[in-house]
Amino acid sequence: MQQVRDGGSLRSLARLITAVENSETSAATAVAGLYDCTGRAHVVGITGPPGAGKSSLVTVLAQELHGRGVRVAIVAVDPSSPFTGGALLGDRVRMRDLTGTGIFIRSMASRGRVGGLAKTTANVVKILDAYGFDLIMVETVGAGQAEIEIANTAHTTLVIEAPGMGDDVQSSKAGILEIADILVVNKADRPGARQTVKSLEMMLHMGPAGGTRHHGRVVETPAIMAQKAVDERAWQVPVKETVAIENKGIAPLVDAIRAHYDHLHATGQWQARERARSRRELDGLLRDRFMAQFEQAVPSVEREAIITAVAERQMDPYTAVGQLWRKVQGEKLSEK
């Protein structure tokens with residue numbers, strides 16, 4: 001961990017990430033040891049349906065950012081193990097262009113977890129943050145509308161669409177409006193691109209926020225008051241057009257990402273999002289801790305018997321939970 005804290009070799013960083021992925025104990029130890037070095041990196045989430053060109057876009061974004069002097073890391077979440085391969089890993093072959101550039105790439109297995117991220121993604125992001133990366137891109141699995149967990153992990157969320165998806169854009173309307181900080185129409189050289197852009201813009205302005213995401217009020221510092229150029233309440237969600245494989249539209253997209261970063265800090269929403277993320281993380285860890293204690297206190301045979309009783313209408317769910325809870329409480333009392 002000290003090597004990571006001191007910005008040591010990428011090999012030592014990779015070894016620590018592997019340990020965190022494979023062991024909850026290692027994850028807890030690593031996070032505890034490095035947490036005071038976190039909170040500096042800008043986490044950018046990349047999500048959208050399969051076929052939108054997320055991996056190609058991540059590659060050229062990383063190249064553009066690297067060219068601007070930004071230290072970049074990429075976490076790509078796959079539905080299959082990065083060690084055994086899989087169909088979707090083949091889609092990331094273009095990321096090989098980043099080999100030798102100093103851009104760190106880590107592929108993670110979702111291991112069946114819904115929401116588009118792996119269970120350990122947040123911890124891996126913390127380690128990369130502690131290592132000193134300025135910007136960390138997290139690319140989700142690419143399974144569609146259900147991938148909203150990224151908005152709880154990232155400071156800036158990019159939702160990628162592409163022309164020719166028909167009703168897919170309409171069907172994902174609610175999710176897009178809720179989680180997107182920046183909308184991107186990739187493969188914008190294809191027929192129907194302008195219509196896709198117009199459809200997204202129309203859906204944004206028909207939404208309850210009128211195409212904006214409210215990130216809180218401005219922190220009234222003298223510098224901001226003097227400038228009088230900061231939007232005091234809302235972030236206007238832009239729709240950007242790109243052709244990733246031809247490196248078109250990438251610089252303006254990076255500018256939009258930077259503008260959102262500046263907006264979060266200017267409005268105080270960076271801290272607000274960190275507080276909300278911390279609350280969700282603590283809630284999740286507490287649930288995990290309780291479930292571990294529950295499984296230890298109540299043998300699987302007893303759990304299955306109660307499930308059967310509920311399924312056969314011999315016991316109602318509330319009574320069942322009461323019985324299970326008393327068993328957990330009894331286990332806690334016996335420990336004392």
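Strands here are DSSP runs of E, at least two residues, and helices are runs of H or I, at least four residues, both numbered from the N terminus.

Quick housekeeping. This is a predicted model, so to speak of local features we need pLDDT of at least 70, and side-chain atom pairs count only at pLDDT 80 or more, while totals for chains, interfaces and linings use all residues. Residues are numbered from 1 along each chain as its sequence is written, and side-chain values use heavy atoms, with hydrogens and water left out.

Back to S4. Strand S2, residues 72–78, runs parallel to S4, and five bridges join the two. Strand S1, residues 42–47, is also parallel to S4, again with five bridges. On that side, Ile46 sits opposite Glu139 of S4. For pairing, DSSP has to find at least two bridges between two strands.

Buried means under 20% relative accessible area, with a 1.4 Å probe and protein chains only. Both faces are covered: Leu135, Met137 and Glu139 are buried on one side, Ile136 and Val138 on the other.

Now the whole chain. We've got 15 helices and nine strands, and 45% of the 336 residues count as buried. Take the contacts (heavy atoms within 4.5 Å): of those with a separation of 6 or more, 77% are between residues 24 or more positions apart. That's the picture, thanks.

Conventions:
Buried means under 20% relative accessible area, exposed over 50%, partly exposed in between (1.4 Å probe, protein chains only).
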